[in-house]
Amino acid sequence: MVSFELAEEQRMIRDTVAAFARDEIRPAARAADESGAIPEALIEKSWELGLVSGPIPSEFGGLDDTRSAVSGAIVAEELAFGDLAIALHMLAPRIVAFPIIDMGTEEQHKRYLPSFAGDRFVAGGAGVMEPRYDFDVSDMSTIARRDGSGYVLDGQKCCVPLARESRDILVYAALGVDSGSNGVGGFLLARDTPGVTISERERNMGLKALATYEVELKQCRIDGANRLGGTSGEKLNFTRLVSQTRVAMGAMGVGVARAAYEYARAYAKERKAFGHPIATRQAIAFMLAEMAIEVDAARLLIWQAAVALDKGEDALKQSYLARNYVAAAALKITDNAVQVLGGHGYIREHPVEMWLRNARGFSSFEGLAIV
């Protein structure tokens, strides 16, 4: 029998993060979108929840919690329900710390993990996406060439979160031309490494509160010990990393879609036309019902992929299909929310226009979060 019941610990995590998103993140979302800045106090509060330090082994200062992709998806959904950009900022350190936990060497554990288990928020950024219209994670233009005991990196990354604030950036690069996803390496670069140039902050349609940057690599020489998994990189399972990031981003898409649906439903129940709530109108009622169905369907696909990850299975197909479904569903649901609100949906007095702008990016987001 298939059970959709969460374990008691997962329910506690969900309730705790949901309350934080509702009471702390959502009230700050509009001001953060307008100003492009997230209050430091809010970031520090999120750090206290242990969302990054939890899975870090206790010997490096973490809480040594059991890591679960399903639990990670729950956290990602609830935070994004509050606000996507703020959620991505809060979870950005994970995209450096978690791959090191899973696939780093013992020396890399000692060198990098303690900083992510401290008392204060530590930024982290990873370079996956590239500024190409035909970008594909299995066909990267950024190349890492072996040079003696080290590597030389050349290429360009875009949409790298918190690159200017991060001490170290995890960059993914092809190990040779036409090497495919099996020939991708991860490289831990100090921000001030010679050959690394970080652009001015990107100006995006959505995610205005999240600081993202282009990172250019020109003849960037690094030691072989900076390769994730060591000089040989034999521990790196890039397809699993891709699956983990797609589950995380898909879960965030569910959170944004659910936020838009619930807001539109509440509005439709209160807004009256010709003496009756517009929710009683068939066109609006049917639209809301379809939105609810899409939210639940998208979540089930994400959880299916997350369960496969927790079982140690190859979840590349499930995560790809789930991410694609969520990208389409989130865009449709947020657009429908704008329609339900009518003219009010287009103005900044209500958050649905912001959610629509944010949801538009899910079709292209890669590597901005991880479970």
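Q: What makes strand 4 and strand 5 a pair in this predicted model?

A: In this predicted model, strand 4 (residues 168-174) and strand 5 are joined in the antiparallel sense over seven bridges, and since a pair requires at least two bridges, the two strands count as paired. One such link sets L170 against L188, its bridge partner in strand 5.

Q: Why is strand 5 said to be largely enclosed by the rest of the structure?

A: Strand 5 covers residues 184-190, and six of its seven residues are buried, so the strand is largely enclosed by the rest of the structure.

Q: Why is I370 called buried?

A: The relative accessible area of I370 is 4%, and buried means under 20%, so I370 is classed as buried. I370 is placed in the segment after helix 10 (352-359), and, not counting residues up to four places away in sequence, I370 touches R94, I95, F98, P99, L241, Q244, T245 and A248.

Q: How do you know that strand 3 pairs with strand 2 and with strand 7?

A: Strand 2 (residues 143-147) is joined to strand 3 by five bridges, the two running antiparallel, while nine bridges join strand 3 to strand 7 (residues 212-223), again in the antiparallel sense. With at least two bridges needed for a pair, both pairings hold. Among the bridge partners are A144 with L153 of strand 3, and Y151 with I222 of strand 7. Strand 3 (residues 150-161) is also mostly covered, with ten of its twelve residues buried.

Q: What makes S68 a cap for helix 3?

A: A side-chain oxygen of S68 lies 3.2 Å from the backbone nitrogen of V70, and as the cut-off for a polar contact is 3.5 Å, S68 caps the N-terminal end of helix 3. Helix 3 (residues 69-82) reaches 20 Å from its first C-alpha to its last, close to the 20 Å expected for its 14 residues at 1.5 Å a residue; 14 of its 14 residues are buried.

Q: Which residues touch the most other members of the largest nonpolar core?

A: Of the 135 residues in the largest nonpolar core, L79, L153, M252 and F362 touch the most other members. Helix 7 (residues 238-270) gives the most to this core, namely 17 residues. Leaving aside neighbours within four places in sequence, M252 is in contact with residues including A76, L84, L91, F362 and A369.

Technical notes: Residues numbered from 1 in each chain as written. Predicted model: local features only at pLDDT ≥ 70, side-chain atom pairs only at ≥ 80, totals over all residues. Heavy atoms only, no water. Buried < 20%, exposed > 50% of the residue type's maximum accessible area, 1.4 Å probe, protein only. Helix = DSSP H or I, 4+ residues; strand = E, 2+ residues; numbered from the N terminus. Core = buried A, V, L, I, M, F, W, Y, C linked by side-chain atoms within 4.5 Å. Contact = heavy atoms within 4.5 Å. Expected span 1.5 Å × (residues − 1). Polar contact = N/O pair within 3.5 Å; in protein donor to acceptor, adjacent residues only side chain to side chain.
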